[in-house]
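I opened the model to look up its cavities, its core and its strand pairing. My notes are below.

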There are 2 protein chains.
Amino acid sequence: VQRCALGLIGWGTVGGGVLDLLARDGAVIRQRCGLDLAVTRIVTRDPGRARTQSAAGATVGTDLRLILDDPAIGTVIHLVGGTDVARDICLACIAAGKHVVTANKAMLAVHGDAIFAAAAAKGVGIAFEAAVAGAIPVIAAVRDGLVASRITGISAILNGTCNYILTRMEVDELSYTDALAEAQRLGYAEADPTIDVDGTDTAHKLALLARIAFTARITMADIRIEGIQNISFQDIESARTMGARIKLIAAARQRPEGLELRVAPTLVPYEHPLADVSRNFNGIHIDSVAAGATLLVGQGAGALPTASAVLADVVDVVTGRYQLTSSRFNFFTTTAPLRLLPETEEVTSSYARFQVPDKPGILAGITNLLSQHGVSVQSIHQGQPDDRQCATIEVVTHPLPGGSFLTAIEAIDRQGLTIKPTVTLRRL
Amino acid sequence: VQRCALGLIGWGTVGGGVLDLLARDGAVIRQRCGLDLAVTRIVTRDPGRARTQSAAGATVGTDLRLILDDPAIGTVIHLVGGTDVARDICLACIAAGKHVVTANKAMLAVHGDAIFAAAAAKGVGIAFEAAVAGAIPVIAAVRDGLVASRITGISAILNGTCNYILTRMEVDELSYTDALAEAQRLGYAEADPTIDVDGTDTAHKLALLARIAFTARITMADIRIEGIQNISFQDIESARTMGARIKLIAAARQRPEGLELRVAPTLVPYEHPLADVSRNFNGIHIDSVAAGATLLVGQGAGALPTASAVLADVVDVVTGRYQLTSSRFNFFTTTAPLRLLPETEEVTSSYARFQVPDKPGILAGITNLLSQHGVSVQSIHQGQPDDRQCATIEVVTHPLPGGSFLTAIEAIDRQGLTIKPTVTLRRL
């Protein structure tokens with residue numbers, strides 16, 4: 001048994017999970033691969049945390065040097081949130097020659113280029129399995145398991161908060177506000193849930209997955225992002241009548257003309273495997289040429305699931321395997337120019353819900369404009385008018401370039417055929 | 001870009017897939033990790049294969065020495081079927097100091113101890129991601145991704161032939177014979193499908209998965225095996241009325257009293273994630289303490305999916321990572337005694353279908369005997385008698401020790417309450 005001293009920076013939920021998991025089940029790692037992992041030093045903003053959880057003999061302090069200056073520590077578990085401060089701490093660890101295991105997707109999505117370059121220059125590894133989809137080993141699956149299989153598309157549910165809210169809205173008919181409050185009560189959503197519900201967190205994870213899948217330098221500006229804040233119960237109901245569920249889907253698709261990257265609420269037909277990924281679970285559906293379709297589902301967040309992924313990375317680093325990965329794989333430092341597909345060239349099936357006045361000629365006017373813009377309609381449904389003489393017309397299109405669809409919708413709204421801005425959704 | 005010369009032993013379906021994948025998409029591996037993989041020597045029983053597929057410049061022969069004596073070849077792709085001859089070839093590769101990548105689960109399940117020991121002594125790696133669930137990176141997920149998470153149970157669909165047959169029987173109401181013939185026509189089943197349909201192939205894969213998950217020496221004798229040969233359309237119909245599908249499930253479960261290992265046709269309730277793994281897909285559902293539930297689904301067989309896993313292993317070996325895995329993980333050479341749970345101590349929910357004469361007192365007789373043996377009934381259903389005065393009684397039990405259930409069934413059959421041997425199934 002080989003003893004490994006680890007430094008831990010950040011003693012929040014996940015940091016607590018790491019200590020908890022080592023204390024409770026560290027014997028599993030010892031049994032499997034003869035490594036005795038021990039957190040020997042903890043740096044935290046709030047040393048008072050030691051009042052609620054045992055540090056298991058680790059020295060606790062607030063000064064980063066506690067870890068940086070300890071030559072016994074070769075690997076640092078970096079669990080600092082946010083972007084800029086987290087990056088500074090990460091770069092300090094690299095400069096001190098420490099390998100870094102992090103769960104911080106925001107930091108890597110925004111500052112990955114600088115961090116990976118610094119790590120490559122110093123010859124240390126930045127491991128981040130825990131940053132995407134928690135306990136699901138999706139980074140390893142995309143990077144190693146599918147290394148020989150050209151990936152053509154990824155569709156993924158990567159935010160448990162959004163998935164929980166959407167599931168509760170659908171299954172229990174809660175309002176968005178009530179579902180969000182419930183998610184917060186259960187610890188699935190932060191006190192400030194903004195970057196979860198507005199799609200930013202999902203986009204951070206998509207940036208990392210796509211970077212590996214396509215060996216491409218992806219910035220946040222490359223991803224079109226829509227959140228779930230405006231999803232109404234009526235959207236959920238409309239989806240149901242069409243045999244689909246609304247999920248916040250991160251999508252990356254390699255087309256001959258370029259790469260398409262998007263985070264958006266999306267109609268997922270019941271028969272698609274991601275439709276059954278419910279509550280706080282995450283799911284990743286990968287299409288690749290040789291391997292065909294691969295689906296991974298599991299716990300995407302939470303103290304122990306994330307700690308599981310963090311410690312898996314620690315084992316990868318401590319055995320020396322991750323350094324071989326770092327020195328070999330090109331996605332860390334690629335500068336290959338990326339050809340992104342503009343929204344107008346995306347080819348997807350879409351859904352629109354028009355709120356229209358209940359008077360003659362409206363349906364004809366809408367179908368005319370759709371046809372003029374080359375939008376091929378798959379199905380159309382007109383509801384009964386309500387007591388304010390307002391009716392709903394729902395349209396699902398065949399797959400077509402996004403540009404035509406969006407222009408058609410704009411024209412319809414502009415011509416006064418609708419009484420509210422039209423709601424649109426992608427369809428998987 | 002680093003060029004790597006590979007030897008290939010066995011030029012069948014998967015060997016052809018490896019050559020095909022390298023020819024078609026070898027650029028993907030080059031782009032991702034700068035490795036230029038090339039099969040330079042092929043040893044095959046039938047060099048005539050070169051008439052139907054290009055060897056891409058490789059030297060083709062029938063003598064193993066062609067590969068063993070080539071110092072440029074450090075890694076051998078071993079795609080020889082069967083057990084004993086395959087083992088001899090594998091040991092010869094090891095003796096020659098070659099790393100081995102194999103898709104042969106039968107060989108490793110039966111001769112794994114000898115092969116892993118020889119490889120450890122020689123300092124080479126035996127990589128076998130392709131041996132279990134084809135393109136799905138489940139070996140890596142269990143070994144590395146979940147290294148920190150104590151695995152408590154695995155339930156898996158590991159044989160595409162059986163899953164295809166059962167799906168066609170259910171969805172298209174084909175007979176077992178017709179579904180098998182269809183599977184053979186599509187290349188999902190071998191000309192001799194025995195080891196697929198009798199559960200042996202699934203057990204080979206379970207032995208390997210359980211070895212890794214529980215760091216235990218598993219032999220084929222440790223696994224109780226039932227196949228799908230006797231599954232009738234009536235079984236499928238009964239499952240449907242109970243909201244379940246029949247799947248051939250490989251199950252490993254760690255209980256305080258011991259490890260339970262089993263391959264058997266099993267009722268999988270619709271709401272279980274494995275119920276939706278249909279046709280020729282494989283699926284693995286893993287319960288572990290820290291990571292919770294994890295599900296992996298994908299293509300478990302076929303030329304390109306298996307080749308994808310083979311080449312992923314080749315990359316792992318050629319980068320040197322796999323040697324670090326081999327030298328570190330204990331499952332390769334563990335001799336820890338394994339405490340297996342006897343069938344009588346297994347705790348599962350079960351199903352029985354009694355064929356009974358249509359006369360008074362039979363139902364009472366059956367429920368009496370079940371009760372006397374401590375079998376707690378969850379539901380009971382008695383069908384209308386057919387025109388031969390034969391009726392069907394179906395019983396689902398609450399979870400209970402397997403011994404009580406089997407003894408009760410035996411007593412019922414022995415007392416002449418039934419007119420045919422009773423059909424029993426496990427319930428997931």
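These entries go from conventions to cavities, then to the core and the strands.

**Conventions.** I am working with a predicted model, in which local features need pLDDT of at least 70, side-chain atom pairs count only at pLDDT 80 or more, and totals for chains, interfaces and linings use all residues. Residues are numbered from 1 along each chain as its sequence is written, chains are lettered from A and ligands numbered from 1 in the order in which they are written, and side-chain values use heavy atoms, with hydrogens and water left out.

**Cavities.** I looked for cavities (sets of points on a 1 Å grid over the protein atoms alone where a 1.4 Å probe fits but cannot get out; lining residues have an atom within 4 Å of a point). Volume is the space filled by probe spheres set on the points, with grid points joined across faces, edges and corners. I found 4 cavities of 30 Å³ or more.

The largest cavity has a volume of about 420 Å³. I listed 27 lining residues for it, and Ala140(A), Arg143(A), Asp144(A), Ala140(B) and Asp144(B) lie nearest its centre. Helix 5 of chain A gives the most, with 6 residues. I sorted residues into nonpolar (Ala, Val, Leu, Ile, Met, Phe, Trp, Tyr, Cys, Pro), charged (Asp, Glu, Lys, Arg) and polar (the others, Gly among them). The lining of the largest cavity has 11 nonpolar, 4 polar and 12 charged residues.

The second largest cavity has a volume of about 60 Å³. Its lining includes Leu166(A), Glu170(A), Arg240(A), Lys247(A) and Tyr270(A). Helix 6 (160-171), helix 10 (233-241) and strand 9 (244-255) of chain A give two or more residues each. Strand 9 of chain A has the largest share, 4 residues.

**Core.** A nonpolar core joins buried Ala, Val, Leu, Ile, Met, Phe, Trp, Tyr and Cys residues through side-chain atoms within 4.5 Å. I take buried as under 20% relative accessible area (1.4 Å probe, protein chains only; exposed is over 50%, partly exposed in between). In the largest core, of 245 residues, Leu37(A), Phe128(A), Leu37(B) and Phe128(B) touch the most other members. Beyond four places in sequence, Leu37(B) is in contact (heavy atoms within 4.5 Å) with residues including Cys4(B), Leu22(B), Leu311(B) and Val315(B).

**Strands.** Two strands pair if DSSP finds at least two bridges between them. In chain B, 6 strands form an open parallel sheet in the order 3-2-1-4-5-6. Strand 3 (59-61) and strand 6 (126-127) of chain B are at the edges with a single partner strand each, so one side of each has no neighbour in the sheet. I counted 3 bridges between strand 2 (residues 35-43) and strand 3 of chain B, and Ile42(B) is partnered with Val60(B).

What encloses strand 12 (residues 292-299) of chain A? 7 of its 8 residues are buried, so the rest of the structure largely encloses it. Strand 11 (residues 281-288) of chain A joins strand 12 of chain A by 8 antiparallel bridges, in a hairpin with 3 residues between them. Strand 12 of chain A also pairs antiparallel with strand 12 (residues 292-299) of chain B over 3 bridges, where Val297(A) has Leu295(B) as bridge partner.

Terms used
1 Å grid on protein atoms, 1.4 Å probe; cavity = no way out; pocket = protein on both sides within 12 Å on 5 of 7 lines; lining within 4 Å.
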